[in-house]
Amino acid sequence: MRATFGFILAVAFTAAPAFAATSVLGNGFGKACYEAAESNRQYRDAIGVCNAALDEDALSAVDRAATFVNRGIILMQNKKLTAAIEDYDAAIKLRPGTAEAYVNKGIALLHLGGRDAEAVALLTEGLNHNPTRPEVAYYTRGIANELIGNTRAAYEDFAKAVELAPNWGEAAAELARFQTVKKKTAAG
């Protein structure tokens, strides 16, 4: 099986960045876990399906990492952030190049609060691994950068998110809050 990446938008948190679901191809509990993460299915059913995938399916390392990401999304949607972070860490341990694990862990840390600089580092690492929808990482990193007082980097991240997804209203709204001012330099 080969994993591909997909995303879902969630409004469960105040900053409302998108979560990065990871698709598992083929049939079985792994794919059902992905579909549960995408559809925001009832918590018990969704967690049960993901647990079954991890316990019963003969998943490749790629699909096992994807299933940890997807279960982490379900946990995060249900505000179980510490458990979600544990799943993202498991995905990173299995496959250090899983961009969506870094992106989602960054989102979770942002929602925990007080770990915004760490969120920036994780989102940057996720971008280094080429996520399928990098605008999600740029948007979320923009929020984190603004929280740590790095206004210029926040502006640049929101601008990049809008460039990559011009119809994404949330990113455009964040960017619209900024004003750019040209300053005269000594050279003129």
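**View 1. Five residues, Tyr 139, Tyr 155, Phe 158, Trp 168 and Phe 178, form one aromatic cluster.** The model is predicted: local features need pLDDT of at least 70, side-chain atom pairs count only at pLDDT 80 or more, and totals for chains, interfaces and linings use all residues. Residues are numbered from 1 along each chain as its sequence is written, and side-chain values use heavy atoms, without hydrogens and water. Rings of Phe, Tyr and Trp (its six-membered ring) pair if their centres lie within 6.5 Å; planes under 30 degrees apart count as stacked, over 60 as edge-to-face and the rest as tilted.

**View 2. Tyr 139 and Trp 168 make one of the four aromatic pairs in the structure.** Their ring centres are 4.7 Å apart and their planes stand at 45°, so the pair is tilted. Tyr 139 lies in helix α7 (residues 134-147), and Trp 168 lies in the loop between α8 (151-164) and α9 (169-176), so the pair ties together parts that are 29 residues apart in sequence. Helices (H or I, at least four residues) are DSSP runs, numbered from the N terminus. Tyr 139 is buried at 2% relative accessibility. Trp 168 is buried too, at 9%. Buried means under 20% relative accessible area, exposed over 50%, and partly exposed in between (1.4 Å probe, protein chains only).

**View 3. Phe 158 and Phe 178 form a tilted pair.** The ring centres are 5.9 Å apart, with the planes at 50°. Phe 158 sits in helix α8 and Phe 178 in the segment after α9, so this pair ties together parts that are 20 residues apart in sequence. Phe 158 has 0% relative accessibility and counts as buried. Phe 178 also counts as buried, at 17%.

**View 4. Helix α7 is largely enclosed by the rest of the structure, because 11 of its 14 residues are buried.** Among the buried residues are Val 136, Tyr 138, Tyr 139, Arg 141, Ile 143 and Asn 145. They pack against α5, α6 (116-128), α8 and α9. From first C-alpha to last, α7 reaches 20 Å, close to the 20 Å expected at 1.5 Å a residue. That expected span is 1.5 Å times one less than the number of residues. Gly 149 follows α7, and its phi is positive, near 90°.

**View 5. Gly 106 is a buried residue of helix α5 (residues 99-112).** Its relative accessible area is 0%. Leaving out residues up to four places away in sequence, Gly 106 touches Ala 119, Leu 122 and Leu 123. Contact means heavy atoms within 4.5 Å.

**View 6. The largest pocket has a volume of about 170 Å³.** Its lining consists of Arg 152, Tyr 155, Glu 156, Phe 178, Gln 179, Thr 180 and Val 181. On a 1 Å grid over the protein atoms alone, a pocket is an open set of points where a 1.4 Å probe fits, with protein on both sides within 12 Å along at least five of seven lines; lining residues have an atom within 4 Å of a point. The lining divides into three nonpolar, two polar and two charged residues. Gln 179 belongs to the segment after α9. At 73% relative accessibility, Gln 179 is exposed. Gln 179 and Tyr 155 lie 9.2 Å apart, C-alpha to C-alpha, and 24 residues apart in sequence.

Technical notes: Helices (H or I, at least four residues) and strands (E, at least two) are DSSP runs, numbered from the N terminus. Grid points are joined across faces, edges and corners, and a volume is the space filled by probe spheres set on the points. Ala, Val, Leu, Ile, Met, Phe, Trp, Tyr, Cys and Pro count as nonpolar, Asp, Glu, Lys and Arg as charged, and the others, Gly among them, as polar.
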